[in-house]
Amino acid sequence: MQRIHNHHLTNQSAWDVIIIGGGATGLGTALDSASRGLKTLLIEQADFAKGTSSRSTKLVHGGVRYLAQGDIALVKHALKERGLMQKNAAHLVHKEEFLIPCYDWFSVAKYLIGLKLYDWLAGRFSFGTSKYFSKSETLRLMPGIKDKGLKGSIRYFDGRFDDARLAINIAQTAKEQGATLINYMKVTGLIKDADQIKGVVATDVITNETFELKAKVVINATGVFVDEILQMNDSKARKTVRPSQGVHIVLKKEFLNSDSALMIPQTSDGRVLFAVQWHNHLLVGTTDTPLDEHSLEPRALKQETDFILNTAANYFKTKPTEKDILSVFSGLRPLAAPTDSNSNSTKEISRDHKLMVSAKGLITITGGKWTTYRRMAEETVNLAIKEAKLSPIVCKTEQLAIHGCVNEAEENHLSIYGADKKHIETLIKQQPELAQRLHKDFPYSYAEVVWSTRNEMAETVEDILSRRLRILIIDAKAAIEMAPIVASIMAKEIGANKQWEDEQTNSFIKLAEGYTYQTKNKREEPVLVG
């Protein structure tokens, strides 16, 4: 295999801050740190946002359900951050109208009162006011909703975004602020001097080179992998996180036939379920299944997809079945490990984050959610400055625009690139053959693959089809069909041989099959492959 983006790391470099983990928290921390003038390195074992941070429900939200749990401070902070995200990444974060269907009058009163409080807590960061809609107004806005027994709905506003695209843009912004960011670089050990952590040992997964990298402070922002880093420091360290799996399925948008998103406030397991319009499809989720193990490619359990389908069937006029699923994906939330080892309940564990000094020179940040990534990063860097006695420069990210940020009235499929959209259009003008589509059912072009390979640190076909373009998440079968074309465009761009192309295509197809439903051995019941 070969590296597309050479990173020119040396063992001699000394850093102020080394961040392990390139998800929302790690990337936000790299941006915060670099923007304060600290010499910052971020390393990620796979691709940026490969794990949990590309597998969210795509919501930028204050957390209506945390309001129900009485966590008012968390909601207030998150609503402010929601407003800042919408301002600083206007090309990716959009206001979204949500409808809560109500089948009894008590629900109408309860949700209207609760959401008026939600509006009030947002203050000047409000996205719009909540309101009651009658049954006929609800059916006009969302023709696909079950009408039997419907009393009406409550409308409220929250945000919708593209998580992996935002991660890439934050990485680009951090780079522009002077940070060095490297994907496919795995930490294999910590450098210790007595009881002080002085840096990390890391191996380039693509070239197999190993580096010893020194830093004044190391930040462990590895999500469900935090305990692996903590055990490098102390092999007897107690587990701090317990993964909880959240599964989503993707259906054709015609199931709801609406521009609004649906919020189901009370599922049979006491959670909320969302059906959100996203990239011209309908994304439905999520679940909450405690797991004992974690991986980079978690797989949905049949009981989870059944739960989502059954819940949707209670609210949709047309009941979705397994064969309607275009893609299914799982993300692992790093929730605080319960102190009672028998505890299987994860929904009561707070989604607020936890920041701790795990050893001298080692800071760990866990938990939280995408909406509060910037605030978590600010707190993490504040603590790092204090611990390592670095220059106490104040945080600058509240007003800092993210790479690509632009307010555009006219939306098309290139809008996710924001200000970079014009560069892709220029590429097509210069090389008209790049206007070709990757697939007859999707608008994505050859030019986007070239752009992401050159400018967005994509190293593999998976990086392109899963996180730069979101096809794998939307329609796994279409992604499989696109893989050979993407491999060929990338190979031409970097001068790779046919063997590289074939390896890339085959490994992507194998991975993507885990996102599809297929019938095995002609059994009537489709099973999840993975």
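In which helix does Ser 33 lie? In this predicted model, Ser 33 belongs to helix α1, and its relative accessible area of 0% places it among the buried residues. Leaving aside residues up to four places away in sequence, Ser 33 is in contact with Val 17, Leu 38, Thr 40 and Val 381.

Helix α9 runs through residues 373–388, and its 16 residues reach 22 Å from the first C-alpha to the last, close to the 22 Å expected at 1.5 Å a residue. Just after the helix, Lys 389 adopts a positive phi of about 55°.

In soluble globular proteins, nonpolar side chains tend to be buried together. The largest nonpolar core of this model holds 86 residues, and those with the most contacts inside it are Leu 166, Leu 181, Trp 370, Leu 438, Ile 471 and Phe 508. Helix α14 (residues 476–494) supplies the largest share of this core, with 11 residues. Apart from it lies another core of 27 residues, including Phe 133, Leu 256, Ala 275 and Ala 312.

Side chains of opposite charge can pair when their charged atoms come close, and a search of the whole structure finds 34 salt bridges. In one of them, Asp 158 and Arg 82 meet at 2.7 Å, N to O, which links strand β6 with helix α3 across 76 residues of sequence. Both partners are buried, Asp 158 at 3% relative accessibility and Arg 82 at 2%. Strand β6 also contributes Arg 155, whose partner Glu 97 lies in strand β4, 58 residues apart; here the N to O distance is 3.3 Å.

A further salt bridge joins Arg 470 and Asp 163, with the closest N and O atoms 2.8 Å apart. Because Arg 470 lies in the loop between α12 and α13 while Asp 163 lies in helix α6, the pair ties together parts that are 307 residues apart in sequence. Arg 470 is buried, with a relative accessible area of 1%, and Asp 163 likewise counts as buried, at 0%.

Note on methods:
Residues numbered from 1 in each chain as written. Predicted model: local features only at pLDDT ≥ 70, side-chain atom pairs only at ≥ 80, totals over all residues. Heavy atoms only, no water. Helix = DSSP H or I, 4+ residues; strand = E, 2+ residues; numbered from the N terminus. Expected span 1.5 Å × (residues − 1). Core = buried A, V, L, I, M, F, W, Y, C linked by side-chain atoms within 4.5 Å. Buried < 20%, exposed > 50% of the residue type's maximum accessible area, 1.4 Å probe, protein only. Contact = heavy atoms within 4.5 Å. Salt bridge = Lys/Arg side-chain N within 4 Å of Asp/Glu carboxyl O.
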